[in-house]
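Here's a quick tour of some helices and a few of their side chains. Have a look at the model first, then read on.

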Amino acid sequence: MTNSKHIDAKKKRNHAFGLRLKMHRQGAKITQEQLAESVGKSSETISKLERGLIYPGVDMLILLAERLGTTLDTLVGSQLSESISKKQSALIAEAGCILADMSEKKLNVAVLQLKALQEI
């Protein structure tokens, strides 16, 4: 990978992470300040993370996932392909937050609806 492609991939990763972090934080109904306090960072750091300006280390990722009640895979987006757009990544993050709040019965309905949409 050339240096400029590496930089572009890093920016895309940071941006996508920031969107997922923001969606999970909002889904948890907490402010940047509250999240910052609970993980021992400043609200400015949380703001930079959400804007994709910086990327957290492993310890911070674990704290964020625990505080937001999600998994590292979901927060980091390791299951997502690099070929998806920023908009798709944001929509997937938003959908994940919505699905995480559903009961098992509603999740079953949502999965059936998604499968039906997939076949269109």
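In which helix does Lys22 lie? Lys22 sits in helix α1, residues 3-27. Before going on: this is a predicted model, where local features need pLDDT of at least 70 and side-chain atom pairs count only at pLDDT 80 or more, while totals for chains, interfaces and linings use all residues. Residues are numbered from 1 along each chain as its sequence is written, and side-chain values use heavy atoms, with hydrogens and water left out. Helices here are DSSP runs (H or I, at least four residues), numbered from the N terminus.

**Helix α1**

Lys22 is partly exposed, at 36% relative accessible area. For the burial words, buried is under 20% relative accessible area, exposed is over 50%, and partly exposed is in between (1.4 Å probe, protein chains only). Lys22 and Arg51 are 29 residues apart in sequence, with 8.8 Å between their C-alpha atoms.

Arg20 also belongs to α1. Arg20 is buried yet has no salt bridge, and the nearest side chain of opposite charge, Asp73, is 9.9 Å away. A salt bridge would take a side-chain nitrogen of Lys or Arg within 4 Å of a carboxyl oxygen of Asp or Glu. As for charge, Lys and Arg count as positive and Asp and Glu as negative, with His and the chain ends not counted. What the Arg20 side chain does reach is the backbone oxygen of Leu75, at 2.8 Å.

| α2 (residues 32-39) | Leu35, Ala36, Val39 | 100° |

Just after α2, Gly40 takes a positive phi of about 75°.

**A surface patch**

Ile62 is in helix α4 and counts as partly exposed, at 33% relative accessibility. Together with Val58 and Leu72, Ile62 forms a nonpolar patch on the surface, with about 240 Å² of accessible area in total. Patch residues have over 30% relative accessible area and no salt bridge, and nonpolar side chains (Val, Leu, Ile, Met, Phe, Trp, Tyr) are joined within 5 Å, like charges within 9 Å. The areas come from the Shrake-Rupley method with a 1.4 Å probe; for residues, only the protein chains shown count as cover.

Technical notes: Helices (H or I, at least four residues) and strands (E, at least two) are DSSP runs, numbered from the N terminus. A polar contact is a pair of N or O atoms within 3.5 Å; within protein, one must be able to donate a hydrogen and the other to accept it, and residues adjacent in sequence count only if both atoms are side-chain atoms. The arc is that of the directions from the helix axis to the C-beta atoms.
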